[in-house]
Amino acid sequence: MAGLNCPRFFPLFELYKKKNDATVSFKDDLSDLLDEENLFRKQELINEMFEVSDEDEIIDKIESVDPSHEIMMPYYRKIEELSSIYAKHKFNHDVIFSFETKEQKRFETEVDGYYFYCFLDGYQDLGDTVNIIESKAITSNTFFKQKFSIDKEKYAIFQPDQSGILRTRESLGLPIGGNYKEVIERIIDRNHELGSYIYDLTYQRFVIENSKQLNHKNVRYLLSVLNHTYEFDGVYENKEPNYLKDIDKNFIITLVDVTDLTEIALKKFKEDLKIVINRLDTNYYDDSLNDLCPRKGKHKCMFHDICYEKIPKENSIFTYLYGHFGFKDEKGNKHFVADLLRENKLSVLDIPYHWLDRPINRIQYNAVKTHKPYINYARINEILSKLPYPLYHLDFESFPCPLPRFKGEKPYSQSVFQFNLHIEEKNKDVHLIKDSYHYLATDHTDHRKSLVEYMLKLIKDDGTIIAWNDNFEKARLKEFANFFPEYKEKLINMVERTFDLMAVFKGNYHEIYPKWGIEKKEGVNFYHEKMQGSFSIKKVLPILVPSMNYNELDVKNGNDAMVTYAMFPYMENKEFVAKKDALITYCRQDTFAMVKILSSLRKIAEFF
């Protein structure tokens, strides 16, 4: 998939594989490749791509590992194990399953001198039929939300058959029509949220069919995913959640039969294979920037930061909000990001101003050009003047575990392990420490009720709960209300009094405004060029409160917080004490940051 996204991936990867050879320099080898093939201006490429002095720095950039992936790995492995157990139970046949690659069922095939392999998460021979099982740490809801339309009526693409296995409507023999075929084509696209998973199985299908080892068998291709309706009942065995107790009822694993989808996807896959083989054969290094290169997330290319060296670090074209919809020129032609990259339009100011028909984009352009922020003084003043006091600046930290750990949780429940609260009375200064309150679960037992009770003791029935991007805090409060019905009334009251401080900047209409007598009005209220198209607190804080930053903190962001909490049981006492304090400091800074930002906004509003 990486090779399909970008023609430069394979030549770079060949060089990267040689990095452990002490006699070969990564930079020199790249230079040699370009000399031999006469592909590209060698020295300029080296200068532009590798603006670092040490080869090890390049390798470090490539090999950076997200620690959150490491802490989730035991849960991913458990999901694979549960998938194997469920398939064995459901079909009453053993499953070839192992965490060790050498013990997994393997198929291989050769195409034009290249060998393609697949190692299966699960292989189950039922006699006439073989199940190929691919385990994925996604939920069944991803499938249920896929819809098609007939005469404006929406229908689910996937439905359970009599045995509970999810299948497409067409494979079940149910009526189809409308835009069903178009939706199916989108679903099997490798860039779709489901497409990458189906693509994995399509690859396996190609290798298996070409190996001709199962020609006499009926082969079924199954995705094994988490059941989004599963709710853990709180029963443990050996201190671990007992997910197997109700294996015949609402089990935590759901199977999805995508045999028909892999058959449809196989035609496009074979075309992709030709592209891959051609790129492997030619080893051609195309220096044009590629819009298909994933810039973030799990599919981000390992060479992304190297290839995108020429993109400005600040105020690039990617900064434009809604830029993925494109920009219209004076002739009405639309220019998308891929076009802009090819046209060497890389920064905010490279886009002609008259192409910008979205107000927010014009605001962004002017902020960069003039180096002056855009401020809607009147609107900011109106909002701040209506805030009911006291203000409870609230922030939650959570652990989004793939497998539910505590009673009432579902797969990927945002399990709250910490909160911090700064309480602000009207016309009174707020102290970083004295006005700060926190709760932190220091082990992996269920602390939710104690956390909720302490929070409700601090937050009274009047005033406003302040959060940044309040959808997260409100969702957690609603979950607490379901977990602890005895506190439901108080928690729902908190939800109804929660306000998103980010809305003051972003300008989006907030549902609480009618209660405050504020009329509906859309449009950004504050934008600074250093915000880089983001309204996150990490971008806003250094602009309004330069004395505060996260760089010097041991725990710098939510990801660090999650990893720190996850590692608590494995720490020696000295490290545990230090990390616990670091977590408290980080969460306290998040809420105090809102206090200081709000204070700065009040000073800005005074100019109105």
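Where is His431 found? Select His431 and you will see that this residue is in the loop between β17 (414-424) and β18 (436-440), where helices (H or I, at least four residues) and strands (E, at least two) are DSSP runs numbered from the N terminus. The model is a predicted one, in which local features need pLDDT of at least 70 and side-chain atom pairs count only at pLDDT 80 or more, whereas totals for chains, interfaces and linings use all residues. Residues are numbered from 1 along each chain as its sequence is written, and side-chain values use heavy atoms, with hydrogens and water left out.

Stay on His431, which counts as partly exposed because its relative accessibility is 37%; buried means under 20% relative accessible area, exposed over 50%, and partly exposed in between (1.4 Å probe, protein chains only). Leaving aside residues up to four places away in sequence, His431 touches His422, Ser436 and Phe592, a contact being heavy atoms within 4.5 Å. Val595 is 164 residues from His431 in sequence, with a C-alpha to C-alpha separation of 9.6 Å in space.

Next, select helix α21 (residues 558-567), whose buried residues are Ala561, Met562, Val563, Thr564, Tyr565 and Ala566. These buried residues pack against α6 (67-91), β16 (391-400), β17 and α22 (573-605). At the start of α21, a side-chain oxygen of Asn557 comes within 3.1 Å of the backbone nitrogen of Asn559.

Then move to strands β1 (residues 106-111) and β2 (residues 114-119), which run antiparallel and are joined by six bridges; two strands pair if DSSP finds at least two bridges between them. Glu110 has Tyr115 in β2 as its bridge partner. The two strands form a hairpin with two residues between them, and Asp112 in the turn has a positive phi of about 50°. Phe119, which lies in β2, is partly exposed, with a relative accessible area of 33%.

Finally, select β5 (residues 147-150) and β6 (residues 153-156), an antiparallel pair with four bridges. Here Phe148 stands opposite Tyr155 in β6, and in this hairpin, with two residues between the strands, Asp151 takes a positive phi near 50°.

Terms used. A polar contact is a pair of N or O atoms within 3.5 Å; within protein, one must be able to donate a hydrogen and the other to accept it, and residues adjacent in sequence count only if both atoms are side-chain atoms.
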